[in-house]
Amino acid sequence: MSRIAYFGPRGTFTEQAAHALATGQDELIPAQTVPLALDMLRDGQVDAACVPVENSVEGAVPATMDALADGPALVAVAEAVLVVSFSILTRPEITGAGEVRTLASHPHALAQVRHWVAANLPAAEVVATTSTAAAAAAVHRGEFDAAVSAPVAVRHYPLRELATDVADVPDARTRFLLLRRPGTLPEPTGADRTSVIATTPDQTGALAELLTELATRGINLTRLEARPTKGRLGEYRFYLDFEGHVAQPRVGDALAALHRRCTHVRFLGSYPKAGQPAPGPAGAAGGPATDLVPPHSTLDSAFVSAADWVAAVRRGERA
Ligand SMILES: O=C(O)C(=O)Cc1ccccc1
């Protein structure tokens with residue numbers, strides 16, 4: 001059994017993702033913000049934490065990116081991708097759209113219903129809250145007239161559904177990570193993703209060279225984001241996601257090259273891509289990293305046999 005902190009309160013999209021990543025025995029504990037969920041994990045109050053990372057319409061969740069870069073390192077052991085749709089929840093006494101004067105939600109949710117709100121609630125003042133469920137709770141307390149929430153929020157807060165499916169872009173998806181303190185790694189499955197944060201030196205071509213290290217090893221980049229280091233203006237950290245597991249020699253080589261070229265690299269984990277078979281309880285890891293047996297793709301075999309050939313040349317056995 002694991003204790004899993006999630007970005008709450010009850011009724012957030014992240015709670016749904018945590019349920020998808022947890023086993024029946026795990027205990028889910030809400031935290032009011034993403035940094036608080038990660039601090040609970042860093043402090044040892046919980047064994048894992050579930051947080052949102054990116055959305056197909058609105059992009060990265062900056063609070064998560066910053067909280068992963070600062071403080072003691074944490075590693076992802078699993079990811080989940082959820083389809084997100086939004087409902088407008090009001091206090092029961094609000095009977096029509098014309099009575100909605102204030103509308104609250106998480107900035108990512110507000111950004112995804114902007115056109116619907118402009119067309120249907122033009123008089124509403126829009127207010128940002130810590131999460132979609134925090135907005136529903138505040139509506140229940142009488143602080144706002146309406147909330148943009150996950151459809152499940154209506155099960156936790158006694159509110160009225162004024163409208164459902166109000167997203168401007170249908171079929172939007174959000175990706176969530178399950179994180180643990182560094183220790184053991186999930187075993188490679190053959191369909192894994194590796195995440196790192198890399199800070200490049202202020203040099204011509206530094207980012208291009210970093211990406212070339214992946215490309216020359218046949219590694220597919222799946223995400224690249226930049227965030228300021230909060231030091232000097234123009235100084236950035238790059239968040240890279242790419243296919244493969246650190247246990248694969250060419251992926252390990254690429255990470256070593258990044259370590260050589262960057263002023264700082266933080267490993268954020270190698271974990272099965274969403275939709276792969278579950279690796280175990282709460283995405284828990286198998287044995288220690290050194291025990292990992294990487295899956296054998298044709299490309300991996302080519303890299304391994306090339307390295308074997310060089311080793312034999314060095315021993316004077318091959319030419
Ligand atoms: O506020 C929530 O419910 C969250 O889990 C964060 C979020 C907000 C909007 C879209 C996806 C996730």
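Trp309, Val310 and Val313 form a nonpolar patch on the surface of this predicted model. Together they have about 230 Å² of accessible area, computed by the Shrake-Rupley method with a 1.4 Å probe and only the protein chains shown as cover. Such a patch joins nonpolar side chains (Val, Leu, Ile, Met, Phe, Trp, Tyr) within 5 Å, from residues with over 30% relative accessible area and no salt bridge. A salt bridge places a side-chain nitrogen of Lys or Arg within 4 Å of a carboxyl oxygen of Asp or Glu. Val310 sits in helix H9 (residues 298-314); helices are DSSP runs of H or I with at least four residues, and strands are runs of E with at least two. Val310 is partly exposed, at 32% relative accessible area; buried means under 20%, exposed over 50%, and partly exposed in between.

Residues are numbered from 1 along each chain. Local features need pLDDT of at least 70, side-chain atom pairs count only at pLDDT 80 or more, totals for chains, interfaces and linings use all residues, and side-chain values use heavy atoms, without hydrogens and water.

The largest nonpolar core has 34 residues. A core is a set of buried Ala, Val, Leu, Ile, Met, Phe, Trp, Tyr and Cys residues joined through side-chain atoms within 4.5 Å. Phe86 and Val148 are among the residues with the most contacts inside this core. Domain 1 (1-84 + 171-184) and domain 2 (86-166) both contribute residues, so the core lies between them. The domain bounds come from an automatic or database assignment.

Beyond four places in sequence, Phe86 contacts residues including Phe13, Gln112 and Val148; contact means heavy atoms within 4.5 Å. Gln112 lies in helix H4. Gln112 is buried, at 5% relative accessible area.

Note on methods:
Patches are made of residues with over 30% relative accessible area and no salt bridge: like charges are joined within 9 Å, nonpolar side chains (Val, Leu, Ile, Met, Phe, Trp, Tyr) within 5 Å. Buried means under 20% relative accessible area, exposed over 50%, partly exposed in between (1.4 Å probe, protein chains only).
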